[in-house]
Amino acid sequence: MHKHYQPVEVDPSWIVGKYALMNVQAELRGGRTEIEPRSWRIPFQWQGYHYQDHDDQPFLLLLNSSGGFVEGDVSHLQAHLEANTRALFTTTASSKFYKCLNGGLSRELVEIYVGPQATIEYCPDEAIPFARSRTERITRITIEESSRVFATDMVSAGRIHYGPGEAFKFDSLVSEFEVRLGERPLFLDRMVANTAERVAALQRLWHGARHAATVVAYAPDLPANLEESVRDCSKGTAGVEMGVSQIGGLVIARILAQETWQAHEAIYRVWESLRPAIVGKAARPIRKC
C-alpha cells in the first residue's frame, strides 16, 4: 500500500544550528528517479545529486557542514522513495561525535521509507565516538515486499590512531540499525554500551577489533545460497572477520576489522558480490566530489 509522505516539521523550540534536518523525496519523472529536498535546516546542506552510472539512479551525498556532533546536537534525515524509484545515499565523511561533559547526548536519526518496487542503497561512512562522548544513533529503513535494499552501518571504537589512541574511551554509545517490512521488524541490531561495564563488555565482544560493520541486503527474488560467495569475498582482506547469514531474500553480513580501510574494503566486497542480484549492475567506487 502506498504510504503518504509526511515530512518532519520544524519544532520552533529547536535551536538554530543544533538540530540539523533534511527531508527528501524521490520521485519517478520521465523514466528516471529525481530527488527533491522538501526542506532542510542547517547544518545539513543540500548539494544536489549526480548520476554516476549514467543511468536513472541518482547518487545523493549527505553533508553535515558542522563537521561533527557536539553535546546536544541532533541530525535528522527523513527520506521517502516513491514506487519504482531507485537511489543511492552516502555521506561526504565519517560522523564524528565529540565529548559530552555535562551529561547530554549527541543524536543521529535516519528514517528511510522505500516504496513498492523501489530500491535504496544506503552506504554512509562510519560513526566515530570520540573519548568522553555520549552518542545515540538510530537508523530505521521501512520497506515493502517488492522493495530492494542494500544498507550498511559501521561504528568505530574511537579515534584509534590519535596520540595513544582512544579505543573504547567513550562514555556511552547506543546504536540501533533496523530494517522493517511494513510494520514487522525484519532485522534489528541494537548496541547498548552506556556504562563502563557495558563498554568493557563491548570491547570483549569485538574480539580485539576496532571497527564493526553490518550489511543488510534484501530483494524479493534474491537467489538462494549466497552465504558462501559473500563470505568468500572477504578472504583476501587481512585483519577482517566476517559472518554471513541468509533467510530467504534477506542477507546479513557482520564484519569486524582492525583498520578503517579493512572494514571499508570488506563492505565494498560484499557490495560487489550482492549488487548485481539487487540492482542488476556491478559495484563501482562511489564518487564523492
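Residue numbers start from 1 in each chain and follow the sequence as written, and side-chain values rest on heavy atoms, with hydrogens and water left out. Since the model is predicted, local features need pLDDT of at least 70 and side-chain atom pairs count only at pLDDT 80 or more, while totals for chains, interfaces and linings use all residues.

To start with the sheet, 7 strands make up an open, mixed arrangement that reads β2-β1-β6-β9-β12-β14-β15. Strands here are DSSP runs of E with at least two residues, and helices are runs of H or I with at least four residues, each numbered from the N terminus; two strands pair if DSSP finds at least two bridges between them. The edges are taken by β2 (32-41) and β15 (184-193), each of which pairs on one side only. From one strand to the next, the twist averages 10°, with axes fitted as lines to C-alpha atoms (for helices, over the stretch in contact) and angles between N-to-C directions running from 0 to 180 degrees.

At the β2 end of this order, β1 (residues 19-29) runs antiparallel to β2, and 9 bridges join the two. Arg29 has Arg32 of β2 as its bridge partner. The hairpin of β1 and β2 leaves 2 residues between the strands, and Gly30 takes a positive phi near 60° there. Further along, β12 (residues 134-143) and β14 (residues 172-181) run parallel and are joined by 10 bridges.

Another set of pairings involves β10 (residues 119-123), a strand that is mostly covered, with 5 of its 5 residues buried. Buried means under 20% relative accessible area, exposed means over 50%, and partly exposed lies in between (1.4 Å probe, protein chains only). In a regular strand, side chains alternate between the two faces of the sheet. For β10, Thr119, Glu121 and Cys123 lie on one side and Ile120 and Tyr122 on the other, and both faces are covered. Strand β7 (residues 86-91) pairs with β10 in the parallel sense over 5 bridges, and Phe89 has Tyr122 as its bridge partner. β10 also runs parallel to β13 (residues 148-156), with 4 bridges between them; here Ile120 stands opposite Val149.

From β13 the pairing carries on to β16, this time antiparallel and over 8 bridges. Ser156 has His211 of β16 as its partner. Strand β16 (residues 211-218) has 8 of its 8 residues buried, so the rest of the structure largely encloses it. His211, Ala213, Val215 and Ala217 point one way, whereas Ala212, Thr214, Val216 and Tyr218 point the other way, and all are buried. β16 also pairs with β18 (residues 250-257), again in the antiparallel sense, over 8 bridges.

Now for the cysteines. A disulfide is a covalent bond between the sulfur atoms of two cysteines. Counted as pairs of cysteine sulfur atoms within 2.5 Å, disulfides number 0 in the structure. For Cys123, the closest cysteine sulfur is that of Cys233 at 14 Å, which is too far for a bond. Cys123 is buried at 12% relative accessibility. Cys100 is buried too, with a relative accessible area of 2%, and sits in the loop between β8 (95-97) and β9 (106-114). Cys100 and Glu36 are 64 residues apart along the chain, and their C-alpha atoms are separated by 34 Å.

Asp232 and Ser273 are 41 residues apart in sequence, with 9.5 Å between their C-alpha atoms.

A cavity is a set of points, on a 1 Å grid over the protein atoms alone, where a 1.4 Å probe fits but cannot get out; lining residues have an atom within 4 Å of a point. Grid points are joined across faces, edges and corners, and volume is the space filled by probe spheres set on the points. The count comes to 1 cavity of 30 Å³ or more, and the largest cavity holds about 40 Å³. Its lining consists of Gly17, Lys18, Ala20, Pro43, Asn64, Ser66, Gly68, Phe69, Asp73 and Val74. By class, the lining has 4 nonpolar, 4 polar and 2 charged residues, where Ala, Val, Leu, Ile, Met, Phe, Trp, Tyr, Cys and Pro count as nonpolar, Asp, Glu, Lys and Arg as charged, and the others, Gly among them, as polar.

Terms used: On a 1 Å grid over the protein atoms alone, a cavity is a set of points where a 1.4 Å probe fits but cannot get out, and a pocket is an open set with protein on both sides within 12 Å along at least five of seven lines; lining residues have an atom within 4 Å of a point.
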